[in-house]
Amino acid sequence: MSMIDIKVAAVEQVTPLVKHFTFVKQDGSPFPAFSGGSHVVVSMNVAGRVHRNPYSLMGSPVDTGSYHISVRKQEQSRGGSVFMHESVEVGTSLQITYPVNLFSLAKKAHKHILIAGGIGITPFMSQLVDLNRLNSSFELHYAFRSPEHGAFATQLKTICNDKLHCYADSKGERLDLTALLSKQPLGTHVYVCGPNPMVVAVIETARNLGWPENHIHSEQFLSPGIGEPFKIQLAKSNIEVHVPAEMSMLEAIEAAGVEADYLCRGGVCGRCEVNVLESDGALLHHDHFLTDAEKASGKKIMPCVSRARCDRLVLDL
Amino acid sequence: MERGYWIRSKPVYTSLLWHEKATSHLVVAQSQGGMAVLKLFQLMHPKQAITVLYMPHAEADYSKTLIKVVPDGLQLLETEQEVLAKLDSVLHGMCMGMRLYIAGSEDFMWSVAKVANKFGIEDAGMMKELTGTLARPIYCVHCKATTHGVTTNIGECSGCGRMLFVRDHFSRKLGAYMGLMIDAESPGELPDIEEIYP
Ligand code: FES
C-alpha cells in the first residue's frame with residue numbers, strides 16, 4: 001500500500017484525554033483533497049513494532065495544505081494511542097495512507113441528522129464543512145461525559161450555530177433518540193459515530209421507527225483485541241506466522257513481510273477478507289463485516305480484528 | 001431474448017407486504033393493483049395510520065370492495081394526474097417511518113416513484129407489485145420523450161414519431177426502458193411488430 005510521508009506541524013491538548021495533531025507533507029507539497037467522513041491509517045513504529053491505527057480526518061476537505069486528526073488516549077490500548085499521546089511531538093515523522101471514505105454523506109438526502117458520542121465527533125468535523133458548503137439541512141447532536149470532555153464544542157458552535165445540540169452526561173442531559181427520530185421529514189438520513197452502546201441504540205431506534213436500512217449510517221472501527229497467541233500457515237507464501245497475544249493477525253502477517261490488503265483495520269470495510277483453507281479449531285470472528293452464515297461456515301476470516309483458537313489454521317495468502 | 005441472461009438494470013417486483021416497523025403506511029394503486037391492495041389487507045389490517053390512493057380503470061375496478069375494507073384511509077381518484085397531485089400533497093405532511101407501497105402497471109408505478117423520489121424516498125424505501133399488464137414506458141434516446149404503455153417489441157415514439165426498438169435496459173432515474181430507432185440504417189424497413197408485453 002502506498003503511503004504518504006508526513007511530519008507533525010502542531011499538537012494541541014484539546015481535552016484531558018484528546019490530542020489534536022496537524023500533519024504536513026514531508027516534501028511540503030499539498031495533500032490530496034478528500035470527502036467528509038474519510039479516514040487515514042497512521043503507521044507508527046512503537047519500540048520496533050509497526051502499529052497502524054485508523055483516524056478520521058477532521059479538517060476541511062478543501063484544505064490540502066494540512067491534515068488534521070484527533071486521538072483519544074485509550075487506557076487499555078495496545079499502545080498506538082498512548083504512543084501518539086506520549087511520543088509524538090512537533091517535528092515527528094510518520095507515514096499515513098491515502099484517505100479512504102467508508103462513512104460518506106448520502107448525496108440524495110434531504111436532511112442529515114449527525115449523532116456523535118465523545119471522540120466519535122471527528123468524522124463529522126469534515127462532513128460539517130461539506131454540509132455548510134452545500135447549504136444542506138442538518139442537525140448535529142453531540143453527547144459527551146462532561147463539559148471538559150466536550151472536545152471542539154466551542155469550535156462547533158461557530159460552525160453550526162443553532163444546529164448544534166450538546167448533551168453533557170455529568171449535567172444529566174440526555175439525548176432522547178425516540179423523540180428525535182420519530183418526527184423527521186421524509187428523506188432524512190441519520191449518521192452515528194461513538195461508543196458501541198450508542199451506535200447500537202441509534203441503529204435499533206431508527207429501525208424500530210420504520211427507517212429504511214439505507215437511511216441509517218454508522219461508523220465504528222473496532223480495535224483489534226488482545227487474545228491468546230496462536231499460529232497460522234500462509235499457503236501461498238509457504239510460511240508459518242506466530243500471532244502474539246497483543247498483535248492482530250493482520251499485523252503479524254505484515255510483520256512477517258507478507259503484503260495484505262486493508263482499508264479500515266477495524267473490521268468494517270471487508271477489504272482484508274481472506275479464505276480459510278484449513279482449520280482444526282474455532283475461528284473467533286470479531287468483525288462487523290461477514291454475515292452470520294459466513295462466520296459459521298468457517299471459510300472466511302477478517303484478519304484485522306479476528307483471531308482463532310486452534311492448532312492449525314491455513315490461510316490463502 | 002437470450003436464455004439465462006439477466007439484465008441487472010431490470011427492476012424486480014415483489015408481492016406487497018406490510019413493513020412490520022413502519023409508523024404509517026401509504027398505499028398507491030391503479031386498476032388491477034387494487035387486487036394487490038386487497039391481498040395486503042387480507043394479511044393484516046395494521047394499527048398504524050393508513051392512507052390508500054386508488055385509481056380504478058376500465059380494465060379493473062376494486063373500489064367497492066376497497067371502500068368496505070379500508071373505510072377511513074381510502075381516497076378514490078380518477079386520473080393519474082390526480083393521483084400524483086394527491087400523492088404530492090399527502091407526502092408533504094409525512095415523516096420518516098412512513099412506508100410506501102405501490103401496485104399497478106410499470107408506467108404507473110414509476111410515475112409514483114418519481115414523485116416519491118422528490119421527497120427523498122429512495123427505490124429501496126418503496127415496495128412495488130406489478131399487476132395487470134407488462135406494458136412498458138419507453139424513453140426515446142433520440143428526442144428524450146417518454147412513450148407510455150408500449151406492448152410491442154417495436155413502438156412509435158410519441159415525441160418524434162421514430163420507430164423505436166424496445167430494449168431491456170431500464171433507467172430508474174427516468175423510470176423507463178430505453179428505446180432506440182430501429183430503421184436508422186434503412187428507413188422504412190421494419191421487422192415484424194409483435195405484441196410481447198401484453
Ligand atoms: S481491513 Fe477493513 S475489515 Fe479488515
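Author: A salt bridge is a side-chain nitrogen of Lys or Arg within 4 Å of a carboxyl oxygen of Asp or Glu. Keep that in mind for this predicted model.

Reader: How many salt bridges are there between chain B and chain A?

Author: Apply the 4 Å cut-off to a Lys or Arg nitrogen and an Asp or Glu oxygen. Charged residues do occur on the side of chain B that touches chain A: there are 4, beside 9 nonpolar and 5 polar ones. Still, the count of salt bridges between chain B and chain A is 0.

Reader: What area is buried between chain B and chain A?

Author: Start with who touches whom. On chain B, 18 residues are in contact with 18 residues of chain A. Carbon and sulfur atoms give 57% of the buried area. The total is about 1,400 Å².

Reader: Which residues of chain B lose the most area to chain A?

Author: Three residues lead the list. Together they make up 48% of what the chain B side buries. They are B:Lys21, B:Met96 and B:Glu122.

Reader: Which strand and which helix of chain B each supply at least two residues of the side that touches chain A?

Author: Look along chain B at residues 98–104 and 106–118. The strand is E4 and the helix is H4.

Reader: Which residues of helix H1 of chain B are buried?

Author: Buried means under 20% relative accessible area. Helix H1 covers residues 33–43 of chain B. Its buried residues are covered by parts including strands E1, E2, E4 and E5 and helix H2 of chain B. The buried residues are B:Gly33, B:Gly34, B:Ala36, B:Val37, B:Leu38, B:Leu40 and B:Phe41.

Reader: Now chain A. What area do domain 1 and domain 2 of chain A bury between them?

Author: The domain assignment puts domain 1 at 3–97 and domain 2 at 111–218. In contact are 18 residues of domain 1 and 14 residues of domain 2. Of the area they bury, 67% is on carbon and sulfur atoms. The area is about 1,300 Å².

Reader: How many residues are nonpolar, polar and charged on the side of domain 1 of chain A that touches domain 2?

Author: Between these two domains of chain A there are 3 residue pairs in polar contact and 0 salt bridges. The domain 1 side divides into 9 nonpolar, 8 polar and 1 charged.

Conventions: Residues are numbered from 1 along each chain as its sequence is written. Chains are lettered from A and ligands numbered from 1 in the order in which they are written. This is a predicted model: local features need pLDDT of at least 70, side-chain atom pairs count only at pLDDT 80 or more; totals for chains, interfaces and linings use all residues. Side-chain values use heavy atoms; hydrogens and water are left out. Domain bounds come from an automatic or database domain assignment. Contact means heavy atoms within 4.5 Å. Buried area is the accessible area (1.4 Å probe) that two parts lose on being put together, summed over both. A polar contact is a pair of N or O atoms within 3.5 Å; within protein, one must be able to donate a hydrogen and the other to accept it, and residues adjacent in sequence count only if both atoms are side-chain atoms. Ala, Val, Leu, Ile, Met, Phe, Trp, Tyr, Cys and Pro count as nonpolar, Asp, Glu, Lys and Arg as charged, and the others, Gly among them, as polar. Helices (H or I, at least four residues) and strands (E, at least two) are DSSP runs, numbered from the N terminus. Buried means under 20% relative accessible area, exposed over 50%, partly exposed in between (1.4 Å probe, protein chains only).
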